[in-house]
Amino acid sequence: MFTKNIIEFMKKINEVVKSFIQQNNLESGIDAVKIDKLWEKLLGKNIKSYTNSIKLSDKKLYVKLNSSVLREELNYGKEEIVKMLNEELEKECIEEIILC
């Protein structure tokens, strides 16, 4: 009984938080933070170390790299990276990656 009450309470809190995020248009900012963390998780610390910035805007992920060689390497796998990031985010948040 006690466990059931806690579960119901947590569900209500989760609904309130989701509603607050949607009403205040915070979803894209939260997604941007998640993407930054996922970038290192999925691509590794080495690639993250060559990444100057990551910005999400209008379903486009802008990734600024400080290595032209890495930029060319990643260019071949952009579609797969988009797929992996969207799978981890559990939604179609990114349509395209632009490497600069």
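**Stop 1: two loop residues**

Select Glu90, which sits in the loop between helix 5 and strand 3; helices (H or I, at least four residues) and strands (E, at least two) are DSSP runs numbered from the N terminus. This is a predicted model, in which local features need pLDDT of at least 70, side-chain atom pairs count only at pLDDT 80 or more, and totals for chains, interfaces and linings use all residues. Residues are numbered from 1 along each chain as its sequence is written, and side-chain values use heavy atoms, with hydrogens and water left out.

Glu90 is not a glycine, yet its phi is positive, about 60 degrees. Most residues other than glycine have a negative phi. With 71% relative accessibility, Glu90 counts as exposed (buried is under 20% relative accessible area, exposed over 50%, partly exposed in between, with a 1.4 Å probe and protein chains only).

Next select Lys59, in the loop between strand 1 and strand 2. Lys59 also is not a glycine and has a positive phi, of about 65 degrees. At 38% relative accessibility, Lys59 counts as partly exposed.

**Stop 2: Leu56**

Move to Leu56 in strand 1, residues 51-57. Leaving out residues up to four places away in sequence, Leu56 touches Asp31, Ile35, Leu61, Cys93 and Ile94, where contact means heavy atoms within 4.5 Å.

**Stop 3: the nonpolar core**

Select Trp39, Leu61, Leu74, Ile94 and Ile97, the residues with the most contacts inside the largest nonpolar core, which has 18 residues. Such a core is a set of buried Ala, Val, Leu, Ile, Met, Phe, Trp, Tyr and Cys residues joined through side-chain atoms within 4.5 Å. At least two core residues come from each of helix 2 (27-43), strand 2 (60-65), helix 4 (68-75), helix 5 (78-89) and strand 3 (96-99). Centre on Leu74: beyond four places in sequence, Leu74 touches Trp39, Ile47, Leu65, Ile81 and Leu99.

**Stop 4: helix 2 against helix 5**

Show helix 2 and helix 5, whose axes come within 10 Å and cross at roughly 120 degrees. Axes are lines fitted to C-alpha atoms, for helices over the stretch in contact, and angles run from 0 to 180 degrees between N-to-C directions. To see the contact, select Lys34, Ile35, Leu38, Trp39, Lys41, Leu42 and Leu43 of helix 2 with Ile81, Met84, Leu85, Glu88 and Leu89 of helix 5.
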